[in-house]
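Keep the sequence and the 3D view open while you read.

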Amino acid sequence: MTAEFDVAVIGLGAMGSAALSFLAVRGARTIGIDAYFPAHALSSSHGDSRLIRLGYFEDPSYVPLLRRAYRNWRGLEARLRTDILTITGVLQIGAESSKIVAGTRASCKMHGLAHEVLDRADMARRFPAFQLDDEDIAVLDPQGGYLRPEAAVMGYLKLAAQDGAVLHFGERVIAIEPGDGGVTIRSADGHYRARKVVVATGSLIAELVPQLRQHAVPIRQVVAWYQPRDGFATEPQRMPCFLRDEGAEGSYFGFPAIGADGVKVGRHAHFREPIDPTQPNPAVNDADTALLDGFISKRVPAAAGLRVNAVTCRYTMLPSEDFLLDLAPGHPNVVVASPCSGHGFKFASVVGEILADLALEGQTSLPIAAFSFEAMNRFVAARKPG
Ligand SMILES: Cc1cc2nc3c(=O)[nH]c(=O)nc-3n(C[C@H](O)[C@H](O)[C@H](O)COP(=O)(O)OP(=O)(O)OC[C@H]3O[C@@H](n4cnc5c(N)ncnc54)[C@H](O)[C@@H]3O)c2cc1C
């Protein structure tokens, strides 16, 4: 049977919407299918703001991809004629030896990235919203800032449609059947044939990619918004976005007062509670709000006014907390994208390009060897005792 489409993209969150746009602009006949209406509350790509930073503490090897991601975000803005990425700087705060502070400095050093190191007195003078301990320092990444997730997803979908992609919303894919001549995609509403399929279904990815069943773990994430006590100190021009390393307690992230709800904060991976991704997100509870209220009172007192909103969202964690971007083992016409682990959004603009390369060429010149099934399986094997 002749393929109706060159590529079908399943899941139109940050990654799928970007992939669809990169595919459509290259002239591929594409269809994008999402079970809901994109950037919805059961996806991972909603909630006003996402951090972006260049001096990547997680691993300096992400920096070349980030440079490309910045370039592509600016390209998206130029095509849409709207703002997606706002530079505020990102402060990475903690003890000098902490993972975030030491990792950011190492990454900046290795790649020659501009940054400033500030002590407690510098911080009190320049960024009075924050409260530091005596031994704390902050590394300011002047290229850091925030992205607008809903605008980015909708923008990519708009461009994809403009470039000829077919969009189906409210249609859940129940099976993908790869074969020699292409892939059959089955949904409750019918079936489609495509030469290649990109699976970017976020927290539900293991349903369509059995190789990820033991490895892609959806967890609960909670963020809250606070009306500032000091509106002056928490404006974006006086309060950069931030990460705060609390040692064994993990790390927190936050944004200045960008919108009407005020300052937003969360703890990375929250309580690391696995969730059933087929069910609605569990409600916010007292333990969640106590954690975030305690953090903001202690560390960002200028923002610690009335809590006006708190929501549950979801991360999809992989074993190494890196990404998975690869062809499915044994099925070269299935491209798999699970680039979350709680830090994927900023990369969506380059991930879209990578997924289009993988679908159309079977390979990419961008550095993704660390995100293969082989690398993931090696990591898992090395972790096993004995
Ligand atoms: C609260 C929170 C804060 C975060 N902060 C940051 C940050 O500051 N910086 C950063 O870089 N990253 C951050 N992240 C991570 C980042 O947002 C995610 O990595 C990214 O949004 C994942 O996008 P995705 O496209 O893979 O998944 P999703 O956005 O979940 O999209 C998947 C889509 O697939 C659809 N789908 C699922 N199953 C099917 C099916 N069977 N058929 C059809 N459609 C299907 C879903 O409806 C959904 O729309 C954060 C995440 C959260 C939740």
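**Annotated domain and overall make-up**

UniProt, in an unreviewed entry, lists residues 6-358 as "domain: FAD dependent oxidoreductase". The model shown is predicted. Over residues 6-358 the chain is 26% helix and 33% strand. The end C-alpha atoms of that stretch are 13 Å apart.

**Helix pair α1 and α8**

- Helix α1 covers residues 14-25, and helix α8 covers residues 348-361. The two pack at an angle of about 55°, with their axes 7 Å apart.
- That angle makes α1 oblique to α8.
- The crossing of α1 past α8 is right-handed.
- On the α1 side, the contact is made by A14, M15, A18, A19, F22 and L23. On the α8 side, it is made by A348, S349, V351, G352, E353, L355, A356, A359 and L360.
- Sorted by class, the contact of α1 with α8 has twelve nonpolar, two polar and one charged residues.

**Helix pair α2 and α5**

- Helix α2 spans residues 63-80, and helix α5 spans residues 149-162. They pack at an angle of about 60°, and their axes are 11 Å apart.
- Here α2 passes α5 in a left-handed crossing.
- From α2, the residues in contact are N72, W73, L76, R79 and L80. From α5, they are A152, G155, Y156, K158, L159 and Q162.
- The contact of α2 with α5 divides into six nonpolar, three polar and two charged residues.

**The three-stranded sheet**

- Three strands form an open sheet, in the order β3-β8-β4. Their pairing is antiparallel.
- Strand β8 (residues 145-147) is joined to β3 by three bridges, and the two run antiparallel. R50 has L147 of β8 as its bridge partner.
- Helix α2 packs on this sheet and touches β3, β4 and β8. The direction of α2 makes about 120° with that of β4.

**The eight-stranded sheet**

- Eight strands form an open sheet, in the order β6-β7-β5-β14-β15-β16-β13-β17. The pairing in this sheet is mixed.
- Which strands are at the edges? They are β6 (116-118) and β17 (307-317), each of which pairs on one side only.
- From one strand to the next, the twist averages 20°.
- Strand β13 (residues 217-226) and β17 run antiparallel, joined by ten bridges. W225 has N309 of β17 as its bridge partner.

- Helix α7 (residues 286-299) lies across β7, β13, β14, β15, β16 (262-267) and β17. α7 runs at about 50° to β13.

Conventions
Residues numbered from 1 in each chain as written. Predicted model: local features only at pLDDT ≥ 70, side-chain atom pairs only at ≥ 80, totals over all residues. Heavy atoms only, no water. Axes fitted to C-alpha atoms, helices over the stretch in contact; angles between N-to-C directions. Helix = DSSP H or I, 4+ residues; strand = E, 2+ residues; numbered from the N terminus. Parallel < 35°, antiparallel > 145°, perpendicular 65-115°, else oblique. Left-handed = near helix turned anticlockwise from the far one by under 90°. Contact = heavy atoms within 4.5 Å. Nonpolar A, V, L, I, M, F, W, Y, C, P; charged D, E, K, R; others polar. UniProt positions renumbered as here; feature names shortened; annotations may be inferred. Pairing = 2+ DSSP bridges.
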